[in-house]
Amino acid sequence: MADQVSTMCEQLVKAVNVIMDAETSQIYRLEALKFCEEFKETSSLCVPCGLKLADKGHSAVVRHFGLQVLEHVIKFRWNNMQQQEKVQLKECAMQLLSNGTHSILEEESHIKDVLSRITVEMIKREWPQHWPDMLKEMEALTSQGESQTELVMLILLRLAEDVITFQTLPTQRRRDIQQTLTQNMDSVFSFMMAILHTILESTLGNKHLHFYTARAHCRVAVAALNTLAGYIDWVSLVHITNNNCQLLEMLCLLLSEPELQLEAAECLLIAISRKGKLEDRKPFMLLFDDVAIHYILSAAHICQHKYMEALLAFTTHSSQFLKSSTLATWGALFRHETLSKDSVVVEKAVQYLRACMTNLVKIGFPSRNNNPSCMYSCVDFDSDEDFNSFFNAFRAQQGEVLRIACRIVPLEAFQIAAEWLQYQIASPIDTGDTTSKTAEGLCSILSPSVVQWDAMTIFMECMVGQIFKSLEEEKLPIDQSMELLQAVLNYETKDPLILSCVLTNVSALFPFVIHRTHFLPQVLYKLFQAITFEIETGQDIKAPRTRAVKNVRRHACSSIIKICRDYPEFILPCFDMFYNHVKKLFSSNATLTHLEKSSLMEALVLISNQFKDFAKQKAFLDELLASVVAEWTSDEMKNVLWDPAVFLSFVGADQVVLEQSKETDTASLNRARLSFHLYAMLGVVKRARWPADLEEAKAGGFVVGYTSAGAPIYRNPCTAQFLASLPNLLALIRTQNRLFMPENMSRLSETFSRAHEMTDMEKNMVLGLTQPLLDIHDTPVYKTNLERMQGFFTTLYDNCFHVLGNAGVCLQRDFYTIDGLAEEITGSAFCPLSIVFAFSLTCSRVFVKQLVQSCPQEYYDSLLCPLLGPLFTYMMQVRIYKVYIVCQDSQVTQEMLEEQLVRLLARDVLDLLSKFVTLCFRMIEGREDMMMDSVQAVSPAQPTEELTELGKCLMKHENIYMTLLTLSFTSVSWKDTTNCHRTASVVCWTLLRQVPHSIGNLLPEAVTWFFTSVLRGLQMHGQHEVCNFALSQLAMLIYENLRPRYTELRAVMIQIPNINTEALDQFDHRLMDPSAQKVGEKKRKDQFRKLIAGTVGKALCQQFRKEVHIRNLPSLFKKPKPDKDILNSETLGLAALFASTNDGL
């Protein structure tokens, strides 16, 4: 036996060392791990080997494994061990506590932790019934030294956590242990108080105490205070206030000890946070005594200073990850209504703003070595892409905190931003060691100048946005800001990355321009100049456009649109200059893209809204869109847009193009023409509006009448252009949908046979791989012919629905009164729906929501119902039809894509369904009438719903209503917890309770299906607490309201695994019998959740977990006597009533 143990221990030591060796290969590590796990599961030598390995002569890693083996034996084999084996193991464990560890300062914390776990696992199984002297043995251990005292504290703390906090025991064992702990709480508290008292006497004021002894005493005191914190939260207040609050006094004294003040403060906080009767908490007034207040305030003052200094030190640390950990704390401080006004916090806010000048700079890439942060990033991040993704999120969080800090000290923030901007303007450009490959002397994204400009720009944006909210107009630093703006406008650079930052600063400072309008022409000139930005390599040769160049041009267009959107009345005086410049750009040789052209047209439409004259604005829009509408409605374009074969030929998708050669110019130009027409149409439809003021609208000729309710009826100046373009727009949508038909798929050339596939970027987004590779050197943007065709099809399809969706909002009645609109949309947007995957993700999100929200009430029946009927029917097929993906990736990747796409598609469907329910029902507070004749109101205090006009319209159509019901109840068992929770808590019952008012009584089969669907959802998602609550509530609502009329529901309940039929009978009795005693809502919910607990499935991570079984011991409690029915008792004499029973103690 001894030889076997020694041999096995040698093998185990080797295996453990192999597992923990960093140089071990993965194969060997897995083999060693498998050997160790099989030993724990199957070997009969676990106890002797575990004890031998736990010897102090071994390394900490080996000892920890040996102790883990003993813990495994106690957790999983205890019930099968003989009593003598249990006693022997318990004695060995106590010996380990007594002399199995090194001194308190030398022993590893994980060894102490596993020793305490072993002891607590035995306590949970044997105390108090089979181990009555446990507390006395623990107390005896403490007399052996500091190490044993600390272990006893860890044992008591873990016991309280398992029994009280986490409640990881069966109910009876937990109740036995908790009651015994409560009965012995006086001795437990006296025990811990004696330890603290001893430490206090030996350390306070004793400057000659040996350093080692002082550290050991401190370690014991920390363990005792942590254990106290685990008990103070739940024990009776009497134990805390005993002996005239001696415990509180001691804790106040410990506040003066730097090593113990944090733990002491935590104990005090837990104690005074206890709730209870006023008279029970009255002793806590002792803390307002002069001596106690002195200790508390002294510690607070020291802690406040130390805390703020530590927080600022972490904020300026080289580790980017450590810096990010401080943001939540800074945000809480700056948001606090009282603390944010404290002088110390105000002072630190300025220091935080100064620290942001460093923290906003994107440095610390793990592949580089140009900053101390790089060393920490090598540990924290796997790659540059990983770091880049983290830093983008980190900087967004910094921006939020920065904005809050700017509200506290707005002028100081402005001064910091101004100094930083002036410094950047005056500094020469430093390209660093990574430069752009496009032209000599240009920066890359990692160049020192670029990262500094980028950080300063973010600071400026955050500051300006808050200074207008925090200061009155007369206190705004307008003159200084105009000086800054002038310096920015005068700054010239040919570097696209820096120019992009310059444009952002121009946009950020623009709000000050409204106070000095003479700067406006200079600002517009700077932005127009950037729209045509190119990099010249010499001799008027323009370099290929890089991503940075494209971003500059788009940035300039976006800035112009933003200015025209937010300040149109200030741009109006410059309209003629603006318009002439745009026409000049359009007619010149400037190579504007279709997106840039349409952006400038969108800006002009925004300014034209300020004409406030229908005739003038219509004339302008006619002129602006004349060429677009003429070409879009031409016979040539009609022939292209109405025939899929001609369309494919027009865009070049049926042509074979070699990658080495350029695609034919004709097809490329044709695609650009189509894209420009749609972008221009979208810009006009999205931006053309009538004046918001009714009087101005009437005076300008925008109001053409009033509804029966007295609401004005408006007309839009772009109506004529849109109505002329609508037939071809609908034809294009129909043609694009038909491209997925087999005959049109076969027309695609070999080059573009995968044109309808998802792009790599789309696949990565679906799979959650959102980290693009960093283009450090800003190389020219290159796309293959296939990628360009894929992008064209996707963008064209999206824009069609964007235009159609905005039409209802823009034109209102002029759109909804179009003859045969429902048939036209059904025949184009919804045809052929069953094979078009992209439809639901685009159409439902963009088009249908806007169509429904802006539709006037009188067109619900004629337009919405004919559209929504087939839409909801197709939505039901989301989980039936195979998602359309032609994917040449690996089988695993394709399966992952399909699963995730179906999940996203289902989520989009349910998002639309939730939106419809919101539009169909209006919440009515304070109503207690139920929509269904229920036996008892389930939650009368909750707000109920009232049907809106849209809801009444949809409920009249049984096919629409039942499809919505079926869809919502089916979705609770889809593999998506987000969908399940939202549908179960918002949609299902809201729809089901309307049944009697819409289609009358349901068939028993339908009721059974609804109820079973909810139980199926519990099986799929019941392990998630949030979903479990929503589904259980929904199941109870259905059962309580429908059970009186549908006995079939009981038949469903009977089939639930392990259901208690007696409890079900009692629940039904209370539900069905009006004279039965009713119980409270909370108790009713708990009873029902216990009834359906058998339907709850296990999470995948729990399905193969080995269960820990703790047997109940003979109960310490008196069993309750069974209820006697006195009236039906055979003997009614006093002797019989008071006769003793077998259940007595």
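Start with the whole chain, coloured by secondary structure. This predicted model has 54 helices and six strands in the protein chain. Of its 1145 residues, 49% count as buried. Now turn to the contacts. Among those between residues at least 6 apart in sequence, 75% join residues at least 24 apart.

**Salt bridges**

The structure holds 41 salt bridges.

Select Lys-40 and Glu-37. Their side chains form a salt bridge, with the closest N and O atoms 3.4 Å apart. Both sit in helix α2 (residues 26-42), and because they are three residues apart there, about one helical turn separates them. Check the cover on each partner. Lys-40 is buried, at 10% relative accessibility, whereas Glu-37 is partly exposed, at 35%.

Next, select Lys-112 and Glu-150. Here the closest N and O atoms of the salt bridge are 2.8 Å apart. Lys-112 belongs to helix α6 and Glu-150 to helix α8, so this pair ties together parts that lie 38 residues apart in sequence. Are the two partners buried or exposed? Both Lys-112 and Glu-150 are buried.

Stay in helix α6 and select Lys-124 and Glu-121. These two residues are three apart in that helix, about one turn. A salt bridge joins their side chains, at 3.2 Å from N to O. Lys-124 and Glu-121 are both buried.

**A buried lysine**

Select Lys-90, in helix α5 (residues 83-99). Lys-90 has a relative accessible area of 15%, so it counts as buried, since the cut-off for buried is under 20%. What does Lys-90 contact, leaving aside neighbours within four places in sequence? Show Met-122, Trp-131 and Glu-137: Lys-90 is in contact with each of them.

**Backbone stops**

Go to Trp-127 and Pro-128 and display the backbone. The peptide bond from Trp-127 to Pro-128 is cis, with omega near 0°. Pro-128 is in the loop between α6 (109-126) and α7 (134-142).

Move on to Gln-167, in the loop between α8 (146-165) and α9 (171-183). Its phi is near 50°, a positive value in a residue other than glycine. Gln-167 is partly exposed, with a relative accessible area of 43%.

Now jump to Lys-612. This lysine lies in the loop between α29 (594-608) and α30 (614-632). Phi of Lys-612 is also positive, near 55°, again in a residue other than glycine. At 31% relative accessibility, Lys-612 is partly exposed.

**Last stop: a charged patch**

Bring the surface back and select Lys-550, Arg-554, Lys-783 and Arg-788. Together they form a positive surface patch. Zoom in on Lys-550, which lies in helix α26 (residues 547-566). Lys-550 counts as partly exposed, with 31% relative accessibility.

Conventions:
Residues are numbered from 1 along each chain as its sequence is written. This is a predicted model: local features need pLDDT of at least 70, side-chain atom pairs count only at pLDDT 80 or more; totals for chains, interfaces and linings use all residues. Side-chain values use heavy atoms; hydrogens and water are left out. Patches are made of residues with over 30% relative accessible area and no salt bridge: like charges are joined within 9 Å, nonpolar side chains (Val, Leu, Ile, Met, Phe, Trp, Tyr) within 5 Å. Accessible areas come from the Shrake-Rupley method with a 1.4 Å probe; for residues, only the protein chains shown count as cover. A salt bridge is a side-chain nitrogen of Lys or Arg within 4 Å of a carboxyl oxygen of Asp or Glu. Lys and Arg count as positive and Asp and Glu as negative; His and the chain ends are not counted. The place of a charge is taken as NZ of Lys, CZ of Arg, CG of Asp or CD of Glu. Helices (H or I, at least four residues) and strands (E, at least two) are DSSP runs, numbered from the N terminus. Buried means under 20% relative accessible area, exposed over 50%, partly exposed in between (1.4 Å probe, protein chains only). Contact means heavy atoms within 4.5 Å.
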